[in-house]
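Please look at the sequence and the model before reading on.

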Amino acid sequence: MLIALLPGDGIGPEVIAEARRVLEAVCGTALTFEEAPVGGIAYKSEGHPLPERTLDLARRADAILFGAVGDPSCDSLERRLRPEQAILGLRKELSLFANLRPAKLYPELADASALRPEIARKIDLVIIRELNGDVYFGEKGMRTTPAGRREGYDIMSYDEDQVARIAHVGFLTARARGRRLCSIDKANVLETSQLWRDVVIEVSADYPDVTLSHMLVDNAAMQLVRDPGQFDVIVTGNLFGDILSDQASMCAGSIGMLPSASLDANQKGLYEPIHGSAPDIAGQGKANPLATILSAAMMLRYSLGKVAEADRIEAAVAKALAGGARTADLGGTTTTAAMGGAVLAAL
């Protein structure tokens, strides 16, 4: 099985290296790896954040393990050439429409959460975020108003097929967990959200065994910190999902702990930590590789059918934490490589 490694910028190469070590230890020669540039480093070397050879590798691979993109020195580039366009391009070109972001608190990290321990311990949820629509892919631009003032615009839109497709993913995920699905929208003011809610209700007829509820996004943000234990599976749009999943990461202790999967209709996926490129700590050995290692476990589980191997990695991460390994984001001094080593030892 071919794994495309796209380390990217900042701490991306450091965390990808540790995930590869773990994958090689667990899977041996069952996996082969091929690496390609992406993001700011790709723009600097090849003139585009998503070079054609990188896209070709992503298409050929059985799954993609992605680090992070983002480089402050590229911030002045026109938007289509900025590093962040690489991940948007991959989602579009590979039809990766469903983003799964689990948030679960490891008991050893209860004190690292921004919430009181008795509240934080209840966190065990999955956020299903739609990836191919919303303001990120709608018509956008800059224009001048009749009064001569600059105006930026980004159009939020979904069609009913896009909503139905992600709703099915949400219901199927809930069916495999606690059979509770909460759909997050802003239907009280947005027509896009009203369509979203209507279609989710229509799809729910196919899943009578799953309890469906609805919540406005502003209330959902509050409820995530007030009582996160009430959520099992959340399904929501691109913009709301982007915000809520980062919020959930801090409830669970650190953004350095949360993995994610972006899947197409056939379960081929791109797997990445939800943290960014963190250029301020790049090359210092301070990055937490656990989100990337857990993303690799998700890759084994969802795209490669290696459930036992995924279970081994997740158990090893828990054991490493129980043994006291803590990177700087968790209040410790364990280096990136040493944290990867702690997981390897726990295997």
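## A pair within helix α3

D56 and R60 are both in helix α3 (residues 52-60), at positions four residues apart, about one turn of the helix. Helices (H or I, at least four residues) and strands (E, at least two) are DSSP runs, numbered from the N terminus. The two residues form a salt bridge in which the closest N and O atoms are 3.0 Å apart. The term salt bridge denotes a side-chain nitrogen of Lys or Arg within 4 Å of a carboxyl oxygen of Asp or Glu. Side chains of opposite charge can pair when their charged atoms come close.

D56 is partly exposed, at 36% relative accessibility, and R60 is also partly exposed, with a relative accessible area of 42%. Here, buried means under 20% relative accessible area, exposed over 50%, and partly exposed in between (1.4 Å probe, protein chains only).

## Basis of the model

The model is predicted: local features need pLDDT of at least 70, side-chain atom pairs count only at pLDDT 80 or more, and totals for chains, interfaces and linings use all residues. Residues are numbered from 1 along each chain as its sequence is written, and side-chain values use heavy atoms, with hydrogens and water left out.

## Other salt bridges

Across the whole structure, a search finds 23 salt bridges. One of them links E24 to R20, with the closest N and O atoms 3.0 Å apart. Both residues belong to helix α1 (residues 12-27) and are four residues apart, about one turn of the helix. E24 is partly exposed at 36% relative accessible area, and R20 is partly exposed at 31%.

A further salt bridge joins the side chains of R177 and D232 (3.0 Å, N to O). Because R177 lies in the loop between α6 and β8 and D232 in the loop between α8 (217-226) and β10 (233-236), the pair ties together parts that are 55 residues apart in sequence. R177 is partly exposed, with a relative accessible area of 31%, whereas D232 is buried at 5%. Elsewhere, salt bridges with shared partners join E34, D56 and R60 into one network.

R179 is placed in the loop between α6 (160-175) and β8 (180-185), and counts as partly exposed at 36% relative accessibility.
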